[in-house]
Amino acid sequence: KRVIGIKNVTKQSGATTLTYMMRNELAKHYNVVAIELDKTDFTYFKDKNLVSANTGTFLNELNKYSNADIILVDVNNNAQAISRCDEIIYLIEPSMIKLNKLMMTMPQTLKDLKDKKIILNQSLLSSKDVLDFEYEAKLKIYYNLPPLDEREKNISALKTFLVKLGFEKL
């Protein structure tokens with residue numbers, strides 16, 4: 001079993017939607033569950049297979065789905081969830097306004113992400129722009145994910161990302 005947490009670094013970077021899309025794609029080949037913590041945004045997808053939990057019920061939900069191959073967790077800011085994940089994917093939306101706001105309100109954040117799995121989400125950056133970002137931020141970017149349409153059934157950029165995460169059955 002693999003428990004993967006998805007966490008926004010910049011505000012509203014798309015963790016909930018990415019968790020939903022990852023679950024949909026992985027569910028074609030794996031027994032997968034998606035859990036969001038301390039919010040109820042999953043209800044807007046109108047999908048009974050998405051679970052909303054809080055700190056008090058999180059461990060019960062993990063145990064309830066112990067037979068799953070993959071558990072995806074939209075961790076939000078839940079420290080307990082972060083500690084229960086095998087790995088965390090940190091999402092940064094690289095728009096100027098979101099990055100500048102992050103640097104002004106929490107200047108230490110990028111330094112704290114050194115050696116973490118960082119995804120540029122909803123990113124329109126070119127390969128050169130990503131290299132420049134890595135140099136300026138002193139970070140290594142794990143993947144540069146373009147904007148995705150959650151209504152699409154076959155999203156090659158998402159599949160490529162999931163294969164990079166180690167999911168071979170796609």
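Reader: Which residues lie nearest the centre of the largest pocket?

Author: The model is a predicted one, in which local features need pLDDT of at least 70 and side-chain atom pairs count only at pLDDT 80 or more, while totals for chains, interfaces and linings use all residues. Residues are numbered from 1 along each chain as its sequence is written, and side-chain values use heavy atoms, with hydrogens and water left out. A pocket is an open set of points on a 1 Å grid over the protein atoms alone, where a 1.4 Å probe fits, with protein on both sides within 12 Å along at least five of seven lines; lining residues have an atom within 4 Å of a point. The largest pocket is lined by 25 residues, and those nearest its centre are Asn8, Val9, Thr10, Lys11 and Gln12.

Reader: Which element gives the most to the lining of the largest pocket?

Author: Helices (H or I, at least four residues) and strands (E, at least two) are DSSP runs, numbered from the N terminus. Two or more lining residues come from each of β1 (2–8), α1, α4 and α5 (109–112). With 5 residues, the element that gives the most is α4.

Reader: How many residues does the largest nonpolar core have?

Author: A nonpolar core is a set of buried Ala, Val, Leu, Ile, Met, Phe, Trp, Tyr and Cys residues joined through side-chain atoms within 4.5 Å. Buried means under 20% relative accessible area, exposed over 50%, and partly exposed in between (1.4 Å probe, protein chains only). Among the residues with the most contacts inside the largest core are Ile35, Phe58 and Ile71, and the core has 29 residues. Apart from it lies another core, including Tyr20, Phe42, Leu158 and Leu162, whose count is 27 residues.

Reader: Why does the pair of Tyr20 and Phe45 tie together parts that are apart in sequence?

Author: Rings of Phe, Tyr and Trp (its six-membered ring) pair if their centres lie within 6.5 Å; planes under 30 degrees apart count as stacked, over 60 as edge-to-face and the rest as tilted. By this rule there are 4 aromatic pairs, and that of Tyr20 and Phe45 is stacked, at 3.8 Å centre to centre with 10° between the planes. Tyr20 lies in helix α1 (residues 15–26) and Phe45 in the loop between β2 (32–37) and β3 (50–53), so the parts tied together are 25 residues apart in sequence.

Reader: How many residues apart in sequence are the parts that Tyr143 and Phe161 tie together?

Author: Tyr143 and Phe161 form a tilted pair, 5.3 Å centre to centre and 45° between the planes. Tyr143 belongs to strand β7 (residues 141–144) and Phe161 to helix α7 (residues 156–164), so the parts they join are apart in sequence by 18 residues.

Reader: Over the ring of which residue does the charged end of Lys164 sit?

Author: A charge sits over a ring if NZ of Lys or CZ of Arg is within 6 Å of the ring centre and within 35 degrees of the ring normal. Lys117 lies over the face of Tyr142, at 4.9 Å from the ring centre. The charged end of Lys164 is 4.7 Å from the centre of the ring it sits over, that of Tyr142.

Reader: Is Lys138 buried or exposed?

Author: Lys138 is found in the loop between α6 and β7. Its phi is near 60°, a positive value in a residue other than glycine. The relative accessibility of Lys138 is 66%, so it counts as exposed.
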